[in-house]
Amino acid sequence: MFETDGYVIFRDVIDQDLIKEVNDHVEWLQARHPDVRPEQLGHIYLKDDPFWVRLVSDNRLVDIAEKFVGPDIALFASHYISKPPYSGQPVLWHQDAAFWPLDPMEVVTLWLAVDHSTPENGCVRVIPGSHRSEVAGMRDNTDVESVLGQEIAVEVDESQAVDMVLAPGDVEVHHPNIVHGSNANTSPHRRCGLTIRYIPTSTRITDPETPYPSAFHLRGEPGVNSYQPRPRYVEGRHFRFQGA
């Protein structure tokens, strides 16, 4: 299915006790960064966050990533997109590969549902099979307040879109070239998901900042990049979690 459609869903990957901790972590991050929109809790906060590193290192997630990128695995980036009730911003149609400093573009995204994700609260929507097309250009779109502020510079046939309806703990996996996006959240229910971008350690992160803020070696051979050291938990400074 991944080869033909560019995405696949794994159900009940993460247990509900850990999902509750993830919920608490999102609230803790929002309290620490009140000036940042909850859709923008991105990778720059990750390197000094032991819980976040623990979460993206969870063997249940890394085992899924291994099916797509092989046994030598690093984290490239991770980002909470938490859309608040009634005001959560849309993510306009785009391809991830248009944005990322990776060479070659070998990478897989795992999208972990923290909340129930539905058409009403702005779930991810994908265009099946669009990953087999080339990466198109992007254009600015200031007509709509959106998470990226940009959209793909080609017409998208929205009649082909499939809604990724997920329950907390489910994981949707997609290809870097697939055309995807999500609508605004106009419902009374938050829609939070965590994106996790895993690369084989043979993929070079070409950003001038090295090590990249969210580059962590997770499994197998370290490969071609330099990595952040794993942060040590400090009581009172970091989010408190089971096993900290």
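Visitor: What does Arg-190 touch, leaving out residues up to four places away in sequence?
Guide: This is a predicted model, to start with. In it, Arg-190 touches Asn-23, Val-26, Ser-82, Lys-83, Pro-84, Pro-85, Val-114, Asp-115, His-116, Asn-121 and Asn-185.

Visitor: Where is the place of Arg-190?
Guide: In the loop between strand S11 (180-182) and S12.

Visitor: With which side chain does the Arg-190 side chain make a polar contact?
Guide: With that of Asn-23, at 2.4 Å.

Visitor: And what separates the C-alpha atoms of Arg-190 and Thr-203?
Guide: 35 Å, with the two residues 13 apart along the chain.

Visitor: New topic. Gln-95: buried or exposed?
Guide: Buried. Its relative accessible area is 1%. Gln-95 sits in the loop between strand S3 (91-94) and strand S4 (102-103).

Visitor: What lies 2.9 Å from a polar atom of its side chain?
Guide: The backbone oxygen of Asn-177. Asn-177 is also among the contacts of Gln-95 beyond four places in sequence. Others include Ser-130, Glu-134, Ile-152 and Pro-176.

Visitor: On to helices. Which residues of H4 are buried?
Guide: H4 covers residues 59-69, and Leu-61, Val-62, Ile-64, Ala-65 and Val-69 are buried there. Down the helix axis, these buried residues fall within an arc of 155°, so they line one face of H4.

Visitor: Which residues are exposed on the other side of H4?
Guide: Asn-59 and Lys-67.

Visitor: What happens at the start of H4?
Guide: Asp-58 reaches in there. One of its side-chain oxygens comes to within 2.9 Å of the backbone nitrogen of Arg-60.

Visitor: And what follows H4?
Guide: Gly-70, with a positive phi near 90°.

Visitor: Now the core. Which residues in the largest nonpolar core touch the most other members?
Guide: Tyr-80, Leu-110 and Tyr-198, out of 39 residues in that core. Among the elements that each supply at least two residues are helix H2 (16-32), helix H3 (50-56), H4, strand S2 (73-83) and strand S12 (191-200). There is also a second, separate core of eleven residues. Ala-74, Leu-102, Ile-205 and Ala-215 are included in this second core.

Visitor: How many aromatic pairs does a search of the whole structure find?
Guide: Nine. Take Trp-52 and Tyr-80. Their ring centres are 5.0 Å apart and their planes at 45°, so this pair is tilted. The pair links distant parts of the chain, with Trp-52 in helix H3 and Tyr-80 in strand S2, 28 residues apart.

Visitor: Are those two buried or exposed?
Guide: Both Trp-52 and Tyr-80 are buried. Another pair is Phe-76 with Trp-100, and that one is edge-to-face. The centres are 5.6 Å apart, with 70° between the planes. Phe-76 is in strand S2, while Trp-100 is in the loop between S3 and S4, 24 residues away.

Visitor: Why does Trp-100 count as buried?
Guide: Because its relative accessibility is 15%, and buried means under 20%. Phe-76 counts as buried too, at 1%.

Visitor: Last one. Which residues form one aromatic cluster?
Guide: Trp-28, Phe-51, Tyr-233, Phe-239 and Phe-241.

Technical notes
Residues are numbered from 1 along each chain as its sequence is written. This is a predicted model: local features need pLDDT of at least 70, side-chain atom pairs count only at pLDDT 80 or more; totals for chains, interfaces and linings use all residues. Side-chain values use heavy atoms; hydrogens and water are left out. Buried means under 20% relative accessible area, exposed over 50%, partly exposed in between (1.4 Å probe, protein chains only). Helices (H or I, at least four residues) and strands (E, at least two) are DSSP runs, numbered from the N terminus. The arc is that of the directions from the helix axis to the C-beta atoms. A polar contact is a pair of N or O atoms within 3.5 Å; within protein, one must be able to donate a hydrogen and the other to accept it, and residues adjacent in sequence count only if both atoms are side-chain atoms. Contact means heavy atoms within 4.5 Å. A nonpolar core is a set of buried Ala, Val, Leu, Ile, Met, Phe, Trp, Tyr and Cys residues joined through side-chain atoms within 4.5 Å. Rings of Phe, Tyr and Trp (its six-membered ring) pair if their centres lie within 6.5 Å; planes under 30 degrees apart count as stacked, over 60 as edge-to-face and the rest as tilted.
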